[in-house]
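Thanks for coming. I will walk through one structure this morning, a piece at a time. Please have the sequence and the view open.

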Amino acid sequence: MNRDDVRNALLQALADVAPEVDTAALDAARPLRRQVDLDSADWLNFLVAVHEALGVDIPDAEAAKLDTLDKLVDWCARVLGPA
Amino acid sequence: MIEFRLPSLGSDMDSGTLVEWRVKPGDRVARGQVVAVVDTAKAAIDVECWQEGTVHALPVEPGTAMAVGTVMAILREAGESGSDVERALAARAAAAPAGAGSEGVASGALLPVAPARPPVPPVRHSPPTPPTPAGPAGPAGPFGLTVARDAARLRISPAARRRAHELGLDPQRITGHGDQGAVTLADVQAAQAAHPAAMPVPAPASRVQEMRRVIAAAMSRSKREIPHYYLAEEIPFARAAAWLAEANRERPAVQRLLPAALLLKAAARALRRYPEFNGFWRDGGFVPGSGVHLGVAVSLREGGLVAPALLDVPALRLDALTQALLDLVKRTRAGALRSSELSEATITVTNLGDQGVDSVFGVIYPPQVALLGFGRVRPRPWVDDDGGLLALPVVTATLAADHRASDGHRGALLLAEIREQLQEPPSLDLPEESR
């Protein structure tokens, strides 16, 4: 799975928990939760959706640091290993 | 014969537009079954029926606007035949005042008990679509609605449904790529891009205006009628935060606990002990809630908010409570709330901590008599019992309460009880039996 696949899976997970968000308009380098107004329940729903889509579980302590789409892609791609 | 009426959807939603039927004549209806989807100013709602029977007739067509209390469906009771029902309907029509029965059973004029407001007769927003048993459906009406071609649920987000209506697109014909094939905003935009010529003049402002109108009505009524008083309490959250961090350390996301679950559980337990805050002000007196059903304020990204209920919160362990909250928020976003969730809340809880404010003093949602608010959990200076100064995670709990139903002294005790509950997280996890 390459970075684009990971990125698409993350965006799909985001669309599942926040269907009213236009994922195409996201700035991948800016904090995600503030951009799309995810509350703490949305955020946990997103982490669950990421787990379902990629089989990757982001630990509680790690999740707060992964605040942009770019960081999330990096972290998940690293855990998943090379394609 | 059972007349199924559009149920109450909360004090700020007095009408809705039928989007689709989920049952058809001849279907058996079980208690609690979702029988229709109704769009309101705030959200598309799955309307449940709490009576058992067999669908005899569905006098209301999709695209019809209805007041709460309008007869939507006629059900046959067990042992009743179709002709029994027809006779009963004919007898009702004959007994109705002249001129009132012209719309048949769809008219709200047959209400045996007068509602607070006279129900408006149903208004067709789109011309009745002639049935087209074979071939494609007829052209979409002004709202892009056609008669649902089957009882299968179209999964679509509220924002996508709205946008499709604005663009004059039939949501049924849009291919969904969201969760379980749900039609998302992106799917609607893609459908529009594919058929730009099919686009009538959009009316994007109307939905937002309607949302503001219903919120304005309910909140103005609240401030006009309810003598609010306000209290605040700073609550140390160190024990709760430490317990939560430990509990979540090894848990995968799917089993993780939300801090909000502790706050809600503490509030629900305290409300058990101070029941005068949990219920309704009706006809000049307080009516206690049948259980502690917390309305959780969820702000909608497209504007406005909705506060669906978490039922029987004291009976839930924290993992079940977290799952219930996650499910409720997800369904609010996806436009899949149930009618009972919008009418059964006995108090509202708002948690604006995610947005970073320290405290929130709310406006009570009538006919409820109180609103609890929680702000952000953040480290603050704290003086302990020995006079020592330390930094602790602290959360401010606030109460807006109806002075007709309670007094400030009892309100202070309620907040103090929430504070004490939050100091014992392991015991907070235990379920409390319902009384």
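Does D283(B) count as buried or exposed? Keep that in mind while I say that what you see is a predicted model. The answer is that D283(B) counts as exposed, because it has 7 C-beta neighbours inside 10 Å, and the cut-off for exposed is 12 or fewer.

Now look at where this residue sits. D283(B) lies in the loop between β11 and β12 of chain B. Those two strands, residues 279-282 and residues 285-288, pair in the antiparallel sense over four bridges. The hairpin has two residues between its strands. D283(B) is not a glycine, yet its phi is positive, at about 50 degrees.

How exposed is D37(A), with its 15 C-beta neighbours inside 10 Å? With that count, D37(A) is classed as partly exposed.

Let us stay with chain A. It has five helices and zero strands. Its radius of gyration is 12 Å, close to the 12 Å that the globule rule gives for 83 residues, so chain A is as compact as a globular protein of that length. Its C-alpha atoms fill a box of roughly 30 × 25 × 20 Å along the principal axes. Of the 83 residues, 39% count as buried. Contacts between residues 24 or more positions apart make up 66% of those in chain A with a separation of 6 or more.

Take helix α1 of chain A, residues 3-17, as an example. From first C-alpha to last, its 15 residues reach 21 Å, close to the 21 Å expected at 1.5 Å a residue. The buried residues of α1(A) include V6(A), A9(A), L10(A) and A13(A). An α-helix has 3.6 residues a turn, so residues three or four places apart point the same way.

In soluble globular proteins, nonpolar side chains tend to be buried together. Here the largest nonpolar core has 132 residues, and L10(A), L264(B) and A370(B) are among those with the most contacts inside it. Helix α6 of chain B, residues 259-273, gives the most to this core, with 10 residues.

How do the two chains meet? In total, 26 residues of chain B are in contact with 22 residues of chain A. On the chain B side, α7(B) gives the most, with six residues. By class, that side has 14 nonpolar, four polar and eight charged residues.

Four strands form an open antiparallel sheet in the order β1-β8-β6-β3. The edge strands are β1 (2-5) and β3 (28-29), each of which pairs on one side only. Four bridges join β1(B) to β8(B), and one of the pairs to look for is E3(B) with I74(B).

Finally, the peptide bond from P366(B) to P367(B) is cis, with omega near 5 degrees. P367(B) is found in the loop between β18 (347-351) and β19 (370-374) of chain B.

Terms used
Residues are numbered from 1 along each chain as its sequence is written. Chains are lettered from A and ligands numbered from 1 in the order in which they are written. This is a predicted model: local features need pLDDT of at least 70, side-chain atom pairs count only at pLDDT 80 or more; totals for chains, interfaces and linings use all residues. Two residues are in contact if their C-beta atoms, placed from the backbone, lie within 7 Å. Ala, Val, Leu, Ile, Met, Phe, Trp, Tyr, Cys and Pro count as nonpolar, Asp, Glu, Lys and Arg as charged, and the others, Gly among them, as polar. The radius of gyration is taken over C-alpha atoms; the globule rule is 2.2 Å times the number of residues to the power 0.38. A residue is buried if 20 or more other C-beta atoms lie within 10 Å of its own, exposed if 12 or fewer, and partly exposed in between; C-beta atoms are placed from the backbone. A nonpolar core is a set of buried Ala, Val, Leu, Ile, Met, Phe, Trp, Tyr and Cys residues joined through C-beta atoms within 7 Å. Two strands pair if DSSP finds at least two bridges between them. The expected span of a helix is 1.5 Å times one less than its number of residues.
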